[in-house]
Amino acid sequence: MLDKILFLLCLASALADERCMPDTPHGFQVRLSIKTALGDEAYVWNENEMFLFRASLAFAMRNHMNGQQFEVSNIIVCNETMRVSFWFIVTSPLDTSQLIDQENVEAAIRQSRNRINSAFLLTDKTLEFVDILPTLATLYTHPTPPWLIVFGVVMGAVGAGIIIMLVSSVVQKKRKTNGKPQDKDDDEETRVKTVENGDAHDGVHNMSFSEDERFTKM
Amino acid sequence: MEKDARPNWDSPMQFVLACVSYAVGLGNVWRFPYLCQMHGGGGFLIPYFIMLLVEGVPLFYMELAIGQKMRLGSIGAWTAISPYLGGVGLASVVTSLYLCLYYNIINAWSFWYLFHSFQSVLPWAVCPINANRTAPIEECERASPTQYFFYRETLNISSTIEENGGIHTGQALCFLLTWVITYLCVVRGVQSTGKVVYFTATFPYVVLFIYLIRGFTLHGAVNGVKYMFTPKMDQLANPTTWINAATQIFFSLGLGFGSLIAFSSYNQYNNNFERQAITVSLINSGTSIFASIVTFAIYGFKATINYENCLERTRILLLNTFNLAEDTINMDNVFEWIEKLNATYPEQFNEIANDTGNCDLEKELATAVEGPGLAFIVYSEAITNMPLSQLWSVLYFIMLLLLGVGSMLGNITAIITPLQDFKAASLFLAGLVCLFCLLLGLGFTTTSGNYWFTIFNDYGATFSLLFIVLIEVITVSYIYGIKRFEKDIEDMLGHRPNWYWKIMWVAISPLLLIVLFVFYIVNYIMGGTPTYQAWDKEEVSFKTDKQTNRLTEGQTYADRHLTPPRSVVE
């Protein structure tokens, strides 16, 4: 691991371009947090990964500036650290002494940010381009807010409850007013019945009387 | 069958559940845990239980006795006790009316949050993105997503109480829904209320139990519970502790509103209310303790999460500044590395020195919140960190709703019952009362509504209730006469009240109430011009000490935990 890093640093210094340095006005700093993103499945950062990075940046530049054939050699990287962070600058394919300005580089990266991220299995947060704000995905806005739907359901249920309550109280009242004249007729009939039978419905049942009846029946 | 027979509860169980549902309210969840934390954790239970025995249960018993004996609402009952003191009943009704005006807005908020829980991502979990799609909205970025959701999207709060914007339509709809439900529960009087309380009294316990299990299995919950229960006995020497315990018991049981008199007036004449009074008071206090265990488990979880996030941020900062490989610093050795780096690269470290080293678990645990802030901001933040947060959110807000509606039923009944005793009352009395409160309460759904809510909550009823109950207990003990009262109780229960009750009613409780009353007056006078905290969109933090003119009053958040008056939502 350590010798790989040393080799990388030597390689970087071999490719060193004096225009690429920290806080350069033409480039950006990149920071990768591979272990945070992938945990146990983290890959080791080596020169192949760096090659992929430079290639994907070249891809982004090609996409943004139509027609210009950016190559991997146009992406110059320096100041690589153990953090896995480094600076890069972009030279023009037509004239390597000319650097592409920051706005174009930024626009290119924003345009193809997703593709660059997925090449490394990282996200906007773990593959950080310092000072380039990510374009945040807006949350899905529903045509009808879902809370209104739930509200409608509950309100409908409650409204139905009220209507049921009012209707049932009206129906009960109607039954009472219909029931009263019927009850009066029933009372008269039972009174007539009691007179006919000679049985007293009101009053205490006379126990001794009933016992006598049984004896007499026998 | 008498057409004018007073309706009754179907069973004594309905009456007990109605009282439990009324007494166990939002204050048990959001006020008691705060008091426990401020006044020495487990040690606070001592003054709390002493006040319960000395003040809570005797006064509760007294109100139930009056209602059951007189079989009338508060106005009729007090007029029957003494014709000159019918005003006490009227005062109770007016206080209940004040409460009914503003209390339902809390239920409207609960509904709002409940309806918003049916989304794949809870709206208070993430900040919405601004128009440029470059960053979250600034106000949300500087505060937190939960605060932003509450103050901006739920309340759409203005920056001062003088700025009255329009009505928040969503709020108004939820408010309408709450009143419709309240109406539905009281439209048939005790017939409907008696059925509803089976649910409103029991389901919150189910949710609390589920949350207890969920809470204890959360990462870091034990920190919170340990913090709460370690007693700090020196707080017992502080008189504010005892005053707060007395106030909490007083407001938590809902004395003085006339609701207890109204509920017990529908009892059978020989109902054993003595046992029920003790049961309900104990259930109420037990629920407070139960709820605070759950709350502190949640606090511990939230504090631990915040602490670990802070450590993570510090770790990233160190890695980025000193360009170290990712796996050199992990969560356990952050502090060691801070010292190491400070020693080896002092100048570089100085640049970031302000942002490091301020992660403190104790400090996170010590942040105590009460009131709607606890229920709607702190709790919802904790919920966003739980797996399956939609489920927990729905459960939680249903519980808040049931607690709120249960208390609301008591207060509406306290208004309707005395009015129904006057035979001239119409069939639509319940509907009229609800409609009246709905229309006036729409003012709380405006952009400055939360400030008005705070005024009503702090000043609407606290003073009046103390005074009402003081007059009540003095009337019963001295004007009506304790001997007559004893006889009435013997008539209903079959035995005279114990010497303990008599001493409380005649001497101790009135004395305690006078002390509380004097304390409140002194506080009020010494408090100076009241101030309130306002949410300013530009500054996005609470502006303190905002002077107001004489028409508008409030109390600063900073002052609250030092001195009452206390909110009535107990």
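Start by selecting B:Cys127 and B:Cys140: their sulfur atoms lie 1.9 Å apart and form a disulfide. This is a predicted model, and the structure holds two disulfides over all chains. The pair joins distant parts of the chain, 13 residues apart. B:Cys127 sits in the loop between α6 (86–115) and α7 (138–142) of chain B, whereas B:Cys140 is in helix α7 of chain B. Look along the S-S bond of B:Cys127 and B:Cys140: the torsion is -85°, and the link is left-handed.

Next, select B:Cys310 and B:Cys359. A disulfide joins these two, with an S to S distance of 1.9 Å. Which parts of chain B does the pair tie together? B:Cys310 belongs to helix α14 (residues 273–322) of chain B, and B:Cys359 to the loop between α16 (346–352) and α17 (361–366) of chain B, so the bond connects parts that are 49 residues apart in sequence. The torsion about the S-S bond of B:Cys310 and B:Cys359 is about -85°, so this disulfide is left-handed. Are the two cysteines buried or exposed? B:Cys310 has 9% relative accessibility and therefore counts as buried. B:Cys359 is buried as well, with a relative accessible area of 9%.

With both bonds on screen, number the bonded cysteines of chain B in sequence order: the pairing reads 1-2, 3-4.

Move on to cysteines without a partner. Select B:Cys185, which is in no disulfide. The nearest cysteine sulfur to B:Cys185 is that of B:Cys434, 9.7 Å away. A disulfide here requires sulfur atoms within 2.5 Å. B:Cys185 has a relative accessible area of 8%, so this residue is buried.

Then select B:Cys434 itself. B:Cys434 is in no disulfide either, and the nearest cysteine sulfur, at 6.9 Å, belongs to B:Cys437. B:Cys434 counts as buried because its relative accessibility is 4%.

Select residues 147–171 of chain A, where UniProt, in an unreviewed entry, places the feature "transmembrane region". Colour this span by secondary structure: residues 147–171 of chain A are 100% helix and 0% strand. To check the length of the span, draw a distance between its end C-alpha atoms, which lie 36 Å apart.

Key
Residues numbered from 1 in each chain as written. Chains lettered and ligands numbered in written order. Predicted model: local features only at pLDDT ≥ 70, side-chain atom pairs only at ≥ 80, totals over all residues. Heavy atoms only, no water. UniProt positions renumbered as here; feature names shortened; annotations may be inferred. Helix = DSSP H or I, 4+ residues; strand = E, 2+ residues; numbered from the N terminus. Buried < 20%, exposed > 50% of the residue type's maximum accessible area, 1.4 Å probe, protein only.
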